[in-house]
Amino acid sequence: MNAVLIALLLLPLLGAAVTLVPGLFGEDPQAAGRRALRFGAVVTGATLLAAVVLAVGFDRGHPGRMQATTDLPWIPALGVRLHLGIDGISLPLLLLTTLLTFLCAIYSLRRLPDGPGTPSPRAYTGLLLLLETGMLGTFAVLDLLLFFLAFEVVLIPMYFLIARWGGENRGPAAARFILYTLLGSAIMLLGFLLLGLHAGTFDMTALAQRHGRGLSHTTQILVVLAVGLGLAVKAPMWPFHSWLPDAHTAAPTTGSVLLAGVLLKMGTYGFVRVLLPSAPDGMTTLAPYLAAFAVVGILYGSLACLALVRPGAKGDLKRLIAYSSVGHMGFVLLGIATLTLTGVNGALFANIAHGLVTGLLFFLVGALKDRYGTVDLDRLTASAGGTGAALYGRAPRLGGLLAFAAVASLGLPGLAGFWGELLAMFGSFHPAAGLSRPAYLVFMALAGLGTLLTAAYLLSVVRRVCMGDPAAPADTSTTAGPVLQLLDVQAYEAAAWTPLVVLTLVAGLWPAVLLGLSNPAVKALLGGS
């Protein structure tokens with residue numbers, strides 16, 4: 001199985017390298033572009049198949065043990081090793097990454113993002129495969145410096161996907177994305193060096209087994225502050241989130257899907273994989289502050305969405321979903337900050353649920369923009385012009401999917417979004433020893449208020465876009481309305497969206513499929529407590 005894991009990482013990397021070969025896909029630009037896109041779909045499909053093989057061969061009887069491991073010397077002078085492996089925490093993230101990347105490649109076969117000048121499918125495919133390599137590497141490596149390398153690999157392809165294929169204000173949005181994340185990463189690298197040099201190893205499994213032994217309390221606090229800051233920027237945690245709305249608004253549909261579905265999880269995964277087991281005393285000291293920032297993010301994201309959804313606010317639907325991600329990832333951070341088995345399991349479940357549901361939401365919003373030419377809520381409502389002409393009337397399948405994704409995102413029981421938020425709040429009800437229970441009860445109550453606000457803005461979106469607003473004046477200036485009547489869900493869209501719908505139902509109705517994998521692994525990271 002270690003050969004399968006290595007192949008999982010090499011396939012997209014080699015595929016990205018192949019796209020650099022001039023003339024390989026032919027001389028005719030249009031034909032070469034189609035071949036490049038098909039090549040990307042084949043490579044991402046093979047990578048997904050390798051991840052499925054890895055999952056089938058995974059020993060579910062021992063999900064807390066590292067499996068499919070490879071441990072070879074890489075830079076002996078620095079003690080850096082090529083150490084790979086997966087457990088019940090990383091396996092679902094690997095599957096989510098390969099699935100979303102494959103679905104983006106399938107979607108791009110028919111809907112290559114627009115950009116200035118002549119689109120370059122070959123460059124787009126190469127960047128998508130390089131992005132997948134970095135994302136998979138982040139969840140598969142077990143050395144701190146390799147983790148940092150993989151963590152940084154994703155920045156360049158995502159920057160160019162936004163800057164080259166993005167929409168309005170793509171340049172400033174891409175620049176803000178790269179500057180924020182690079183600054184956070186620089187501070188995170190200092191934390192990794194501090195941890196590795198004081199512990200005498202950069203091996204993440206060795207650090208987890210020591211559980212902070214040999215590190216002073218002051219060193220652990222400094223490590224959590226430095227590493228946590230870099231992870232918080234990527235998470236994104238309030239107040240380091242301000243790069244996210246602009247990046248999502250400007251990014252192409254596939255870029256938004258991968259940014260929300262995978263890249264945000266890299267930050268929260270680092271908290272669980274690196275900081276919880278390696279610096280437990282530092283995490284205990286700073287956990288209440290992390291919880292407070294998480295709760296502020298939940299409320300801030302919800303209030304920002306409520307402001308955007310108001311009639312007359314000219315709210316952008318992509319921007320609204322970006323702010324909703326700030327709130328949803330706040331629940332993930334709150335679960336981690338409880339330092340309990342229940343809370344951390346809830347955080348990991350919410351990670352996967354958010355990737356499925358928000359990935360589907362961004363696909364649907366991209367489809368709305370293709371049809372209407374805008375995702376401005378006021379213009380969408382004006383174009384609908386009443387119940388009969390709204391999305392339910394014009395494209396009932398598309399409207400039904402948007403309503404399904406919205407209620408899944410607000411945490412309706414029976415869908416994937418429910419369990420993670422519930423377990424995160426339940427972990428706050430009984431936080432770990434050494435944490436103030438009264439403070440965490442306040443955090444739990446505020447997070448509960450956030451769920452009500454989330455329901456308010458998502459149901460408002462469904463009412464305005466799917467049902468229409470009879471009071472809104474009809475927009476006679478747009479030609480998108482009559483055309484929309486003929487364009488419900490297309491075959492390529494159904495192929496990209498159906499797996500996300502099915503998995504959202506499966507995770508909601510059968511949460512043990514994820515919790516059974518993560519629970520033993522989390523127990524091991526928390527020192528067996």
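**Notebook: core and helix packing**

I looked up the largest nonpolar core first: it has 176 residues, and Leu320 and Trp497 have the most contacts inside it. Such a core is a set of buried Ala, Val, Leu, Ile, Met, Phe, Trp, Tyr and Cys residues joined through side-chain atoms within 4.5 Å, buried being under 20% relative accessible area with a 1.4 Å probe, protein chains only. Helix H14 (residues 341–372) gives the most to this core, 18 residues; helices are DSSP runs of H or I, at least four residues, numbered from the N terminus.

The model is predicted: local features need pLDDT of at least 70 and side-chain atom pairs 80 or more, while totals for chains, interfaces and linings use all residues. Residues are numbered from 1 along each chain as its sequence is written, and side-chain values use heavy atoms, without hydrogens and water.

I then listed the contacts (heavy atoms within 4.5 Å) of Trp497. Leaving aside neighbours within four places in sequence, they include Leu360, Phe363, Leu364 and Ala367.

Next I checked H7 (residues 170–199) against H9 (residues 217–234): the axes are 7 Å apart, at an angle of about 150 degrees. Axes are lines fitted to C-alpha atoms over the stretch in contact, and angles run from 0 to 180 degrees between N-to-C directions. H7 and H9 are therefore roughly antiparallel, a term for angles over 145 degrees. Among the residues that meet are Gly184 and Gly191 of H7 and Ala226 and Gly230 of H9. By class, the contact has 13 nonpolar, 6 polar and 1 charged residues. Nonpolar here means Ala, Val, Leu, Ile, Met, Phe, Trp, Tyr, Cys and Pro, charged means Asp, Glu, Lys and Arg, and the others, Gly among them, are polar.

Terms used: Helix = DSSP H or I, 4+ residues; strand = E, 2+ residues; numbered from the N terminus. Parallel < 35°, antiparallel > 145°, perpendicular 65-115°, else oblique. Buried < 20%, exposed > 50% of the residue type's maximum accessible area, 1.4 Å probe, protein only.
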